[in-house]
Amino acid sequence: MGTPTGDAARPGASPTAAGPAAPKPFAPPEPVVTAATLKPGHVLCLDCDGLGWCPECLARGYLLDDRGDRRRCFVCFGSKICQICDAFGQKSLADMPSWVRRQYPAAPTDPR
């Protein structure tokens with residue numbers, strides 16, 4: 001018998017190791033904000049629902065096309081964050097003009 005080669009030649013390596021570990025399945029990120037953790041005077045972002053990450057690609061930065069190839073996300077353009085709330089998951093009512101505030105059903109008409 002000869003000496004082991006490749007990965008099995010390294011100290012502590014298993015001679016039956018067959019290459020890199022299998023990739024982990026994708027788990028979407030946890031929300032940055034929930035309805036219970038909202039700051040006073042804020043509402044959940046309508047686009048990401050408090051996630052803070054891009055709702056289309058779920059913080060991957062890419063989408064898969066019909067052939068399975070990666071394509072840059074057309075919503076966040078690869079930035080991985082929500083473009084509406086800028087990754088905060090919530091919007092301040094005081095900073096919203098009245099026409100934007102009307103789009104949020106839970107928001108009072110005058111936050112002041």
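Residues are numbered from 1 along each chain as its sequence is written, and side-chain values use heavy atoms, with hydrogens and water left out. Because the model is predicted, local features need pLDDT of at least 70 and side-chain atom pairs count only at pLDDT 80 or more, while totals for chains, interfaces and linings use all residues.

**Confidence and fold**

The predictor's confidence in each residue is called pLDDT and runs from 0 to 100. The protein chain averages 81, and 76% of the residues score at least 70. The chain has 1 helix and 4 strands, arranged along the sequence as β-β-β-β-α. These elements are DSSP runs numbered from the N terminus: helices are H or I with at least four residues, and strands are E with at least two. Confidence is lowest in helix 1 (residues 98-101), at a mean of 86, and highest in strand 3 (residues 70-72), at 94.

Of the 112 residues, 23% count as buried. Buried means under 20% relative accessible area, exposed means over 50%, and partly exposed lies in between (1.4 Å probe, protein chains only).

**The largest pocket**

A pocket is found on a 1 Å grid over the protein atoms alone: it is an open set of points where a 1.4 Å probe fits, with protein on both sides within 12 Å along at least five of seven lines, and lining residues have an atom within 4 Å of a point. The largest pocket holds about 170 Å³ of space, a volume filled by probe spheres set on points joined across faces, edges and corners. Its lining includes K39, H42, C85 and S92. Which strand gives the most to this lining? Strand 4 (residues 90-92) does, with 3 residues.

**Two residues to look up**

S92, one of the lining residues, is found in strand 4. F74 sits in the loop between strand 3 and strand 4. The table puts the two side by side; a contact means heavy atoms within 4.5 Å, and residues up to four places away in sequence are not counted.

F74 and Y62 are 12 residues apart along the chain, and their C-alpha atoms are separated by 8.2 Å.
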